[in-house]
Structure formats: structure tokens, C-alpha cells
Amino acid sequence: MNLNGIIPTFRVSDARAAERFYCEILGFRTSWEHDPGDGYPVFIEVARDSVAIHLSEHDGDGPEGVSIYVNVADARALHAEVTGKGAEASAPEAMPWGDVVFEVTDPDGNVMRFGSAG
């Protein structure tokens, strides 16, 4: 049996605000959502290329402040793209193992580290 991928869930305080951040700043798009209304928690999937992330207001979906590492083709080019859209990101850094890495923290303290081969 093969494992085909992973979709992390980020716990967020406001799924709509998180959706705007991921779509407008990081270039994701909304794949689908579950919004039952009447003050119930909202759950949204955003995706870019082959990477999907679940954004959840549900208390049981984990703590805020999780971090993930995303392999990308060119970390420096992505850094230029997202900072050009207003992302506050660390500078791309050459790591001892050869990758170039930078990170972006969302409004809820969840961290995305983007890295590519140096």
C-alpha cells in the first residue's frame, strides 16, 4: 500500500481571514469549504499546485502554532513572489544541508517553511 500525500490541518481563529491570507498573499486557491452557518466553526481547504492545507476553526483540530515544511522548486523566487504581495517572511537562508529556506507565519502563528535545493 502506497502513501500518496499528506494534508496538514492548521487551527485558525478566523477561517475567512486565514483563507484571505493564504489566497491573496501566498497564492493558494480555495478548493472547498464547510460553513454550516449560525456561528458553527468553519473548515476550508486551500491548495496551490500539489500542496493542500486545511484551515479549521474546530477546537478539536489541534493547537494553533503548528509548523510545516514545503519543498518548492525555487525558494528564492517564491520568496520574491510572496513578499511582493505583502508577506512578512524571513530572508532566504542557505542551510548546512544544502537547501535554501525561508519561513512565513500566518496570522494565527502557524509557520510554513519553504525550501528548495540550494
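This is a predicted model: local features need pLDDT of at least 70, side-chain atom pairs count only at pLDDT 80 or more; totals for chains, interfaces and linings use all residues.

**Reading the model, feature by feature**

Trainee: Where does Asp 108 lie, and what is the nearest side chain of opposite charge?
Mentor: Asp 108 is in the loop between strand 7 (99-105) and strand 8 (111-117). Strands (E, at least two residues) and helices (H or I, at least four) are DSSP runs, numbered from the N terminus. Asp 108 is buried but has no salt bridge, and the nearest oppositely charged side chain, Arg 11, is 6.8 Å away. For charge, Lys and Arg count as positive and Asp and Glu as negative; His and the chain ends are not counted. Buried is under 20% relative accessible area, exposed over 50%, and partly exposed in between (1.4 Å probe, protein chains only). The side chain of Asp 108 does have a polar contact of 2.7 Å with that of Ser 13. That term covers N or O pairs within 3.5 Å; within protein, one atom must be able to donate a hydrogen and the other to accept it, and residues adjacent in sequence count only if both atoms are side-chain atoms.

Trainee: And how many salt bridges does the count come to?
Mentor: Side chains of opposite charge can pair when their charged atoms come close. The rule is a side-chain nitrogen of Lys or Arg within 4 Å of a carboxyl oxygen of Asp or Glu, and the count comes to eight. One of them joins Asp 35 and Arg 16 at 3.0 Å, N to O. Asp 35 sits in the loop between strand 2 and strand 3 and Arg 16 in helix 1, so this pair ties together parts 19 residues apart in sequence. Arg 16, Glu 19, Glu 33 and Asp 35 are also linked in a salt-bridge network.

Trainee: How many aromatic pairs does a search of the whole structure find?
Mentor: A ring pair is described by the distance of the centres and the angle of the planes. Rings of Phe, Tyr and Trp (its six-membered ring) pair if their centres lie within 6.5 Å; planes under 30 degrees apart are stacked, over 60 edge-to-face, and the rest tilted. The search finds five pairs. Trp 32 and Phe 43 form a stacked one, 5.7 Å centre to centre with 20 degrees between the planes. Trp 32 is partly exposed at 37% relative accessibility, whereas Phe 43 is buried at 14%.

Trainee: What is the phi of Asp 38 near?
Mentor: Most residues other than glycine have a negative phi. Asp 38 has a positive phi near 50 degrees, and its place is in the loop between strand 2 and strand 3. Asp 49 is another non-glycine with a positive phi, about 55 degrees. Asp 49 counts as exposed, at 76% relative accessibility.

Note on methods: Residues are numbered from 1 along each chain as its sequence is written. Side-chain values use heavy atoms; hydrogens and water are left out.
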